[in-house]
Amino acid sequence: MQMTPTSEAELAEIVRDADNPLYIRGGGTRGILGDGAVLNTTRLNGITLYEPGALTMVAGAGTPLAQIEAALETEGQMLAFEPFTFGAEGEPTIGGVFATNASGARRVQVGAARDFLLGVRFVDGMGNVIKNGGRVMKNVTGYDLVKLMAGACGTLGVLSEVSFKVLPIPAAAITLAVNVANDGTGIRALGAAMNTPFDVSGAAMVSHSGSAGGKCLIRVEGFQGSVRHREDSLKPVLAEFGTVSECQDDPWPRLRRLEVFDAKVDATWRLALRPGDAAAFVTELAKTMTFSRYYDWAGGRLLIGARGSNVTKGSAETPEAGLIAFHHLLQKMAAKTGGHAALLKSSLPLDVARFQPESAGIAALSRGIRAKFDPKGILNPGVMG
Amino acid sequence: MEMPTPDARLIAKKPELVARLQSVLPAEAVIYDDAETRAYECDALTAYRCPPLCAVLPATTSEVAEVLKICHELGVPVVPRGSGTSLAGGALPTADCVILGVARLNAVLETDYENRYIRVQSGRTNLSVTGAVEADGFFYAPDPSSQLACAIAGNIAMNSGGAHCLKYGVTTNNLLGVTMVLMDGQIVEIGGGVLETGGLDLLGLICGSEGQLGVVTEATLKILPKPEGARPVLLGFDSAEVAGACVADIIRAGVLPVAIEFMDAMLIEVCEDFAQAGYPKCEALLIVEVEGSAAEIDYQLGLIKGIAAVHNPVAVQEAETADQAARIWAGRKAAFSAIGRISDYMCLDGTIPVSELPYVLRRIGEMSAHYGLPVGNVFHAGDGNMHPLICYDANKPGDLEICEEFGAEVLKLCVEVGGCLTGEHGVGVEKRDLMMHQYSAADLEAQMALKDVFDPAWLLNPAKVFPLALSNAHRVAAE
């Protein structure tokens with residue numbers, strides 16, 4: 001069954017009347033798998049306000065990301081947090097971007113999707129229409145439910161409208177590549193770039209699976225003169241880590257589509273780690289597992305891709321079992337470092353808790369919040385725990 | 001300003017409360033003498049005062065937990081207090097409450113340049129966080145005007161901003177984790193050295209919750225490498241509206257300065273008297289700061305001066321030296337102190353879309369004439385965060401009430417044009433009763449439901465943020 005409300009009022013009525021789970025779906029591109037009747041938000045669409053001079057846009061949650069970005073581009077502006085997408089699959093919506101707090105490479109400089117979200121309208125699990133925040137840059141009027149809704153995967157409410165901050169597209173950009181001998185050196189190179197005053201707007205590392213080393217990508221953006229100055233200043237800083245060259249092709253669009261692994265993978269995870277822990281994490285993991293890796297945010301984010309057929313190097317009976325064992329190992333290891341791992345997307349059905357289990361205290365608070373916002377337990381139940 | 005009637009039963013329990021608090025804290029950390037509790041009777045919103053039952057100054061997270069357990073058991077409200085610089089009455093006591101001051105929680109716990117964060121106890125002052133890392137070339141970005149005095153705890157409670165948040169964001173954008181004690185004494189760790197939290201963004205919720213959800217005792221803060229250089233230019237205009245239009249043009253042109261500050265004629269004069277900043281005499285002044293290498297700064301200032309030229313500025317003054325730049329900022333950051341020398345004042349904090357600046361400035365001028373109270377404007381123009389300063393005479397009967405009515409009208413105007421009641425100071429008691437102008441009862445119920453989860457007994461800072469009539473049902477249910 002599928003319901004496709006065309007207005008916020010209709011959405012509220014559907015949720016108010018529902019007694020059984022609703023699987024909230026925008027473009028359906030972000031790997032959230034839910035049971036229950038599909039609640040499709042794609043007709044809650046359209047840009048309702050765009051003020052380039054105030055750097056703000058307001059749009060229905062079901063508005064296609066492509067439509068938003070096209071409108072911004074005509075004014076020389078952009079979604080600065082560079083939301084990642086899964087390549088050409090489906091039509092991502094702006095609601096899905098914020099509901100999953102999907103941020104890309106420039107997050108390292110300007111912040112995450114949640115940092116750009118200024119206001120929300122949503123329908124809670126009882127069918128109440130709630131608004132929070134607004135459309136101005138600074139707003140501390142009452143509690144910040146905007147942040148709470150960002151990344152909540154629809155479990156606290158169905159987004160109907162979002163307002164967000166946009167930024168001008170930089171006049172120029174340059175990406176430097178550094179070939180490094182191993183991951184540890186690579187992370188140190190990215191950290192060294194981040195610790196300069198040259199306003200790095202992308203700090204990633206791509207590697208061939210199974211081989212040590214890889215290529216660091218370091219981007220600077222701004223006015224033409226600034227970019228040249230920063231490039232010249234960064235080169236000597238980076239030279240001590242490996243051979244430095246300037247990228248001729250822009251590598252970031254591919255990374256943004258998560259076309260980051262050199263081999264086909266069945267499942268993808270995202271990990272948040274302290275940059276200083278990331279390389280050691282990968283070394284340890286590689287002792288028992290086979291996987292592809294991609295570091296972003298100077299090592300603060302690690303994307304991992306794996307194939308069920310070979311991830312455990314043959315110790316698992318089925319591809320699913322191999323990926324599940326891998327998933328548990330990732331979360332166990334991440335917890336040890338104070339970080340966390342979440343399953344992003346899988347083409348095989350994996351019966352696992354997508355998000356890292358939380359400490360007892362945090363889990364109790366999160367449960368309490370869910371019980372208040374979704375007492376019937378009908379909004380994407382099980383998606384977040 | 002209505003506050004809940006103090007609970008006589010709690011006041012009668014004072015000896016027991018003090019004795020129990022003394023059993024878990026050093027003697028000097030429990031302040032209960034009536035002459036001494038008076039020091040905590042108000043914060044920077046001095047129009048309202050009420051000494052608390054007692055004040056405690058714990059020095060560790062576990063001491064905070066012990067204090068909260070005792071208060072929770074006895075049903076005593078707790079009002080957390082950073083440095084007491086709130087302009088919104090966020091730390092205003094009630095006669096039956098314990099003030100929990102974080103002043104002794106002031107240590108730096110860890111600095112980590114590899115992962116670019118610092119972990120501090122929450123009573124540490126904002127400026128001293130930067131102080132702890134600046135010799136190594138780093139800084140902590142949020143810079144409220146009160147940064148010399150204000151505590152990180154208060155910054156987190158109010159999600160404080162500052163002049164440079166146009167580029168660097170406010171507290172919530174620079175906060176990586178907290179250690180927080182819930183009202184029942186339970187200690188929780190949220191976030192830490194990693195960029196994102198795993199499940200629901202509780203950190204985002206805590207930041208700006210005005211000390212109503214828990215007492216933050218430690219914080220992990222993002223630190224950034226200092227820019228190569230920074231230089232402001234002063235742009236003087238012969239009307240506030242023209243200055244407002246210039247701001248919108250700068251933003252629209254895609255130049256993103258790190259700060260765009262606005263001052264009107266009244267503030268220019270009082271700040272110049274106070275700080276000898278070298279401001280030109282004119283109706284409206286913008287301080288526009290850019291960062292980078294010397295050449296980058298020249299280039300960006302060139303673009304900005306080009307945009308300003310269209311608006312016929314009456315003065316264009318670039319800071320030539322670091323000393324001149326420092327004086328320009330000293331003048332701006334002293335604005336509240338400077339005007340405090342000449343008059344009692346109320347500082348508003350509404351935010352509006354930048355495009356509405358000229359209209360709202362004109363309307364405030366008209367209201368000033370209508371109410372007969374002078375108003376000065378000084379604010380973060382780049383992000384539309386206004387700070388009209390309404391002058392009144394605290395000794396003149398009725399003047400405060402007129403001032404409050406004027407202030408409420410200005411804030412309603414901010415909401416009307418698409419903005420909000422408060423951009424960085426918080427609601428506190430000051431804007432509590434205006435909340436229904438921005439939010440519906442359902443919107444506020446959703447917020448209060450979160451307090452029910454974190455503090456079911458409604459003991460933490462209970463009379464703030466929400467109109468009493470609305471929060472009453474929650475507070476009564478909790479008893």
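Trainee: How far apart do the C-alpha centres of domain 1 of chain B and domain 5 of chain B lie?

Mentor: This is a predicted model, and the domain assignment of chain B places domain 1 at 8–101 and domain 5 at 439–478. Between the C-alpha centres of domain 1 of chain B and domain 5 of chain B, the distance is 21 Å.

Trainee: Which element gives the largest share of the side of domain 1 of chain B that touches domain 5 of chain B?

Mentor: The contact takes eight residues from domain 1 of chain B and seven residues from domain 5 of chain B. On the side of domain 1, the elements that give two or more residues are helix 4 (61–74) and strand 3 (78–81) of chain B, and by class this side has five nonpolar, three polar and no charged residues. The largest share, three residues, comes from strand 3 of chain B.

Trainee: With which residues is V98(B) in contact, leaving aside its neighbours within four places in sequence?

Mentor: V98(B) is one of the residues that touch the most other members of the largest nonpolar core. Once its neighbours within four places in sequence are left aside, the residues in contact with V98(B) are P52(B), L53(B), C54(B), A55(B), V56(B), C71(B), V76(B) and V78(B).

Trainee: Which element gives the largest share of the side of chain A that touches chain B?

Mentor: The contact between the chains takes 67 residues from chain A and 74 residues from chain B. Among the elements that give two or more residues to the side of chain A are helix 7 (183–194), helix 8 (224–239) and helix 12 (360–373) of chain A, and by class that side has 27 nonpolar, 28 polar and 12 charged residues. The largest share, seven residues, comes from helix 12 of chain A.

Trainee: Why is one side of strand 14 and of strand 18 of chain A left without a neighbour in the sheet?

Mentor: Eight strands of chain A form an open sheet in the order 14-11-13-12-16-17-15-18, with antiparallel pairing. Strand 14 (243–246) and strand 18 of chain A stand at the edges of this sheet, so one side of each is left without a neighbour because each has a single partner strand.

Trainee: Which residue is the bridge partner of V206(A) in strand 16 of chain A?

Mentor: Strand 12 (residues 200–206) of chain A and strand 16 (residues 292–296) of chain A run antiparallel and are joined by two bridges. In strand 16 of chain A, the bridge partner of V206(A) is Y294(A).

Trainee: Which residue in strand 5 of chain A stands opposite E51(A)?

Mentor: An open sheet of five strands in chain A has the order 4-5-9-7-8, and its edge strands are strand 4 (47–51) and strand 8 of chain A. Strand 4 of chain A pairs with strand 5 (residues 56–60) of chain A in the antiparallel sense over four bridges. The residue of strand 5 that stands opposite E51(A) is T56(A).

Definitions and conventions:
Residues are numbered from 1 along each chain as its sequence is written. Chains are lettered from A and ligands numbered from 1 in the order in which they are written. This is a predicted model: local features need pLDDT of at least 70, side-chain atom pairs count only at pLDDT 80 or more; totals for chains, interfaces and linings use all residues. A nonpolar core is a set of buried Ala, Val, Leu, Ile, Met, Phe, Trp, Tyr and Cys residues joined through C-beta atoms within 7 Å. A residue is buried if 20 or more other C-beta atoms lie within 10 Å of its own, exposed if 12 or fewer, and partly exposed in between; C-beta atoms are placed from the backbone. Two residues are in contact if their C-beta atoms, placed from the backbone, lie within 7 Å. Ala, Val, Leu, Ile, Met, Phe, Trp, Tyr, Cys and Pro count as nonpolar, Asp, Glu, Lys and Arg as charged, and the others, Gly among them, as polar. Domain bounds come from an automatic or database domain assignment. Two strands pair if DSSP finds at least two bridges between them.
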